[in-house]
Amino acid sequence: MAKAAATIVPALKLLLSPGDHQPQGVCAVVGDDAFIKHEVRLALSRTLLGDGLLGEGTDDLGATVLEGKTAELRDVRDALSERSLFGGETRVVVIEDADSFVKQYREQLEALVEKLAGGAVLILEVTSWPGNT
């Protein structure tokens, strides 16, 4: 199956008008500035979740946040597919420092994108993103 064309949105454009961009599927936040990546991640999460809910293992917006060096693919799949009893239908999973995670699970991530359920968004924070991914 052919890959869908990626939409590239510069960070400043997203931060200035986050409501103009509806994230879906997999979002790669690429760059080496940790502050900008964090702000972009929060803007994406706000767009998807609104104010969100506070909870253990989540950031202040209700997204599940995992560390790329220790994250396992099965945990990411579980987090993307689980339904909340109290929140909305949108599930957001963020993987911080995801370079090693993407390298380790690249083929499985490409397959996951094809099967990702509606209402589930995976945000990958990476320093670089190969053009052929």
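At 8% relative accessibility, Glu-125 counts as buried (buried means under 20% relative accessible area, exposed over 50%, partly exposed in between, with a 1.4 Å probe and protein chains only). This is a predicted model, where local features need pLDDT of at least 70, side-chain atom pairs count only at pLDDT 80 or more, and totals for chains, interfaces and linings use all residues. Residues are numbered from 1 along each chain as its sequence is written, and side-chain values use heavy atoms, with hydrogens and water left out.

**Exercise 1.** Find the element that holds Glu-125 and list what this residue touches.

*Solution.* Step one: look at residues 120-126, which form strand β4, and you'll spot Glu-125 there. (Strands are DSSP runs of E, at least two residues; helices are runs of H or I, at least four; both are numbered from the N terminus.) Step two: skip neighbours within four places in sequence, then collect contacts (heavy atoms within 4.5 Å). You get Val-29, Lys-37, His-38, Arg-41, Val-94, Ile-95, Glu-96, Asp-97, Ala-98 and Asp-99.

**Exercise 2.** Work out where the buried residues of helix α3 sit around its axis.

*Solution.* Start by picking them out of residues 73-81: Leu-73, Val-76, Ala-79 and Leu-80. Now look down the axis of α3: these buried residues fall within an arc of 130 degrees (taken from the directions from the helix axis to the C-beta atoms), so they line one face of the helix. Finally, check their partners: they pack against β2 (64-67), β3 (91-96), α4 (99-115) and β4.
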